[in-house]
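This report covers selected local features of one protein chain. Please have the sequence and the model at hand while reading.

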Amino acid sequence: TEVVGDKLMVRIPIDKLWPANRNITVTAKFNSVLNGTRYYFATDPLEFATESATTIILGSGTSDNPYLVYTANQLAKMTSKLNSCYSLVRNVDFSGVSSWQPVGSDEDHAFSGEFNGNGFTISNLNINKESSNNVGFFGCNAGYVYDLNVDGSITGNQCVGAIAGMNFGTIENCISTADVTGNEAVGGIAGYDNYGNVTDCSNEGSVHSDGAYAGGIVGQIDYAAEIEGCNNTGIVYAADGYAGGIIGCIGNVDLVSDILVRNCVNEATINGEVSYVGGIVGYLAMGQVNNCKNTGDIDTDIEYVGGIAGYADGAFIARVTNEGSIKGKSDVGGIVGQINGDSGTSSVDQATNNGDVLSATNGTNFFGGIAGDLGIAAEGDGGSLMGKNTAAAVGRTTDVAAKDAVRDESAAA
């Protein structure tokens with residue numbers, strides 16, 4: 001026992017926790033006086049039902065005193081207290097769990113509490129909900145999830161991710177080795193992100209979309225988000241395009257400053273059909289990509305393929321490097337497949353391409369060491385393109401202003 005603040009805490013070592021088929025009985029005298037100090041015993045502990053018994057979970061669900069969870073049955077009960085705080089206290093094997101109900105079903109019933117994984121792993125999390133949306137360990141997260149590892153196989157329809165199907169909150173320092181499959185908005189960490197942040201996360205599992213929007217970290221982002229310090233080593237594929245090593249698609253953005261993708265690395269092969277495949281972002285409609293690196297190869301027979309972004313419009317891309325081999329049909333660049341300024345000023349600054357830029361068998365148009373197709377100036381918006389490369393800087397420019405903005409620094413290197 002230990003006095004913590006105004007509470008008398010009873011601590012049970014993890015290796016002495018009773019199995020779920022036994023009861024833990026705690027008794028105390030209410031309103032007790034010990035050495036002149038008055039103590040109170042909590043009268044409303046959180047209870048979790050199992051098939052054979054009721055297990056009392058320690059904690060009160062606050063940030064200072066979170067519920068301590070250590071079984072799949074206890075974790076399942078989080079759906080009844082979505083705004084509470086939890087702490088995972090050991091690895092949990094889900095191999096005996098036949099059907100997992102993601103925590104937080106939608107935006108109106110999202111998890112809004114705090115979950116500390118403490119670096120432990122939820123293994124063999126196998127979810128097969130092919131017709132369901134918002135599929136992952138968390139279905140919809142609007143809270144704070146951190147230090148959690150997930151392993152297994154996750155299958156859903158739209159908005160599918162190992163940690164969260166949808167993210168409106170913060171996901172930090174999480175690792176997924178799970179294979180994730182869906183039909184749209186599929187990500188290694190989160191399927192869909194809207195005003196959420198994903199920081200210092202890694203994905204090692206494969207990400208497969210039978211439709212569009214697949215990303216090693218996040219499948220699709222709308223409106224605003226920050227993705228920082230993330231790494232992907234899992235193969236990414238999207239049947240209908242919009243595939244990226246970190247993010248599949250970024251769209252519906254009002255301000256460039258609303259989107260920040262920074263300090264991210266992709267090391268895996270990225271592929272897709274139709275169009276828009278990038279080593280970091282497949283499709284970037286406004287936003288900032290800063291200090292990112294791609295070493296993964298892209299081998300496609302489609303349009304808009306780039307070592308950093310397949311397509312960028314109204315975007316600022318700076319201090320980026322591509323070392324992967326980039327192959328496509330048209331609008332193929334070592335950094336950006338096509339860069340435009342229809343949504344505002346676009347620029348590529350301090351970009352280095354060390355990878356090959358290759359034409360597919362039936363490819364005919366627009367290949368460049370930095371950009372395949374440069375059509376920056378729209379209604380006088382203008383823009384710039386500066387970088388080091390191993391081939392011609394730009395495959396095609398569509399106006400004089402854009403040509404004047406191009407600067408090839410290869411000779412200076």
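Leaving aside neighbours within four places in sequence, which residues is Thr-71 in contact with? They are Arg-90 and Val-92, where contact means heavy atoms within 4.5 Å. The model is predicted, with local features needing pLDDT of at least 70 and side-chain atom pairs counting only at pLDDT 80 or more, while totals for chains, interfaces and linings use all residues. Residues are numbered from 1 along each chain as its sequence is written, and side-chain values use heavy atoms, with hydrogens and water left out.

Thr-71 sits in the loop between strand 7 (67–69) and helix 1 (72–76). Helices (H or I, at least four residues) and strands (E, at least two) are DSSP runs, numbered from the N terminus. With a relative accessible area of 15%, Thr-71 is buried. Buried means under 20% relative accessible area, exposed over 50%, and partly exposed in between (1.4 Å probe, protein chains only).

Asn-141 belongs to strand 12 (residues 138–141) and is buried, at a relative accessible area of 0%. Not counting residues up to four places away in sequence, Asn-141 touches Phe-111, Ala-164, Met-166, Asn-167, Phe-168, Gly-169, Thr-170 and Ile-171.

Gly-96 is exposed, with a relative accessible area of 74%. Gly-96 lies in the loop between strand 9 (92–93) and strand 10 (114–116). Its C-alpha atom is 9.9 Å from that of Asn-126, and the two residues are 30 residues apart in sequence.

**Salt bridges**

How many salt bridges does the structure hold? There are three, a salt bridge being a side-chain nitrogen of Lys or Arg within 4 Å of a carboxyl oxygen of Asp or Glu.

| Pair | N to O distance |
|---|---|
| Glu-228 and Arg-262 | 3.1 Å |
| Lys-293 and Glu-323 | 3.5 Å |
| Asp-299 and Lys-327 | 3.9 Å |

Glu-228 forms a salt bridge with Arg-262. Glu-228 lies in strand 23 (residues 218–228) and Arg-262 in strand 28 (residues 259–262), so the pair ties together parts that are 34 residues apart in sequence. Glu-228 is partly exposed at 21%, and Arg-262 is partly exposed at 29% relative accessibility.

The salt bridge partner of Lys-293 is Glu-323. Because Lys-293 is in strand 33 (residues 293–294) and Glu-323 in the loop between strand 36 (309–322) and strand 37 (326–328), the pair ties together parts 30 residues apart in sequence. Lys-293 is partly exposed at 32% relative accessibility, as is Glu-323 at 39%.

Asp-299 and Lys-327 meet through their side chains. This pair links distant parts of the chain, with Asp-299 in strand 34 (residues 298–299) and Lys-327 in strand 37, 28 residues apart. Asp-299 is partly exposed at 47% relative accessibility, and Lys-327 is partly exposed at 23%.

**A charged patch**

Asp-210, Asp-240, Glu-273 and Asp-301 form a negative surface patch. Patches are made of residues with over 30% relative accessible area and no salt bridge, like charges being joined within 9 Å. Asp-210 lies in strand 22 (residues 207–215) and is partly exposed, with a relative accessible area of 45%.

How values were computed: Patch = residues over 30% accessible without salt bridge, like charges linked within 9 Å, V, L, I, M, F, W, Y side chains within 5 Å. Areas by Shrake-Rupley, 256 points an atom, 1.4 Å probe, with all protein chains shown as cover. Lys, Arg positive; Asp, Glu negative; His and termini not counted. Charge placed at Lys NZ, Arg CZ, Asp CG, Glu CD.
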